[in-house]
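This briefing is meant for someone meeting the structure for the first time. It begins with the protein as a whole and then turns to a nonpolar core and a pair of helices.

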Amino acid sequence: MRKITIKIAGLLCLLMGFWGCSKSNDPKPVLPQKETTARHQGDRDHHKLKGKEAVSDSTIRPLLLDTAQLVDQGIPMTSLSPALIHQLTDTEIVQRLVDFGLEQQDAQYVVKNHRQDALTVAQDQHRLMEGVHYQFGIPTNPPASWGAILAGPMYWSGQAQKNIQRMFGLIKFMFNAPKFKQVFNRNLGLLQQYTFNGATQAPARNIPSNFEAFKQVANHAMTNGGKNYQLFLYSQVNGGEAYGDLGGELKVYLHEHGVATGSFYMTAGLLMHEITHTWGYSHDGANVLLNPNNIPYYVQAVVAPGFNTQPSVQGLLQSPKWPSGADVDMFTYYFGEDMLRGLQGHPY
Ligand SMILES: [Zn+2]
């Protein structure tokens, strides 16, 4: 049953170009095997049901309702010192963002084009993913419980490491970006409690009341996990293009081919999806896999509306367009099409 389930899930993920998947793997093990199997059963059901029932689900609402009011407004900076803000030069803002994890060229671009938002992130004293690092896992056979999912451990090429490193910095910025927070907070009504019940970390078992509550859950998990992500690359990944560990460890497993051929914002959105799994968030429940009513897909939808153009997915949700009216994902909005092009489809 488990094998069949994985095959079905893999096929559908491939057909839809839809990447995010989770696995309640537990190398140590936190989850009993029975629960792991149940999750896969649930995933199969999601796929099976989503075609018609998801579209007709009247509870699904547009993800973003009013882009015009959000563009370039930033968020209130009530916690910041106005005097200090005005004293910061562009160079100082860039340096703060570089210290946080952004590459120099990306920091310069966002400061030049979206100074207020860049300043907000640069000044934030309590950033999500602050102090979080990552390392590229050396090729190793997957843990026994992942044997049906992962195969063909690979070394990270130097270029792949550079790309992921840059992407990680952009993701850290995005999780703290004013527009991400705005869209996140404005559409929380899309989330449904039953999709949270499978969370492996207690704080992640409820819909966050706002972005700050979400951040607390994330910080809790990352502190417990030692603030260090391990990123593993495999030539074969069944059932999806990536997996985030739900077992309380900060581990993300990526499919080499999928990562290599995906557009930047899709891959970055996928990584954000998987990272939220490592914070304990799952997407359990029937008929939810492609609906934005669980945190992993919700986060992905906020930043990467492109997957919404897939025929099988179209109509399930509407994602934000940045700037208002333009068909551009949030990464492109902040960092520019030209800046991101070099990361797209790069051979790994
Ligand atoms: Zn997932």
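In what follows, a helix axis is a line fitted to C-alpha atoms over the stretch in contact, and the angle between two axes is taken between their N-to-C directions, on a scale from 0 to 180 degrees. The model described here is predicted. The protein contains 14 helices and six strands, and 49% of its 348 residues are buried.

**Overall contacts**
- Among contacts in the protein with a separation of 6 or more, 77% are between residues 24 or more positions apart.

**The largest nonpolar core**
- The largest nonpolar core has 77 residues, and the members that touch the most others are M174, A268, V303 and F331.
- Helix α7, which spans residues 158-176, supplies the largest share of this core, with nine residues.
- When neighbours within four places in sequence are left aside, M174 is in contact with F180, V303, M330 and F331.
- In soluble globular proteins, nonpolar side chains tend to be buried together.

**The pair α4 and α6**
- Helix α4 (residues 90-100) and helix α6 (residues 115-123) have axes that come within 9 Å and cross at roughly 55°.
- The crossing in which α4 passes α6 is left-handed.
- On the α4 side the contact is made by I93, R96 and L97, while α6 contributes A118, L119, V121 and A122.
- Sorted by class, this contact of α4 with α6 has six nonpolar residues, one charged residue and no polar ones.

Terms used. Residues are numbered from 1 along each chain as its sequence is written. This is a predicted model: local features need pLDDT of at least 70, side-chain atom pairs count only at pLDDT 80 or more; totals for chains, interfaces and linings use all residues. Helices (H or I, at least four residues) and strands (E, at least two) are DSSP runs, numbered from the N terminus. A crossing is left-handed if the near helix is turned anticlockwise from the far one by less than a right angle, and right-handed if clockwise. Two residues are in contact if their C-beta atoms, placed from the backbone, lie within 7 Å. Ala, Val, Leu, Ile, Met, Phe, Trp, Tyr, Cys and Pro count as nonpolar, Asp, Glu, Lys and Arg as charged, and the others, Gly among them, as polar. A nonpolar core is a set of buried Ala, Val, Leu, Ile, Met, Phe, Trp, Tyr and Cys residues joined through C-beta atoms within 7 Å. A residue is buried if 20 or more other C-beta atoms lie within 10 Å of its own, exposed if 12 or fewer, and partly exposed in between; C-beta atoms are placed from the backbone.
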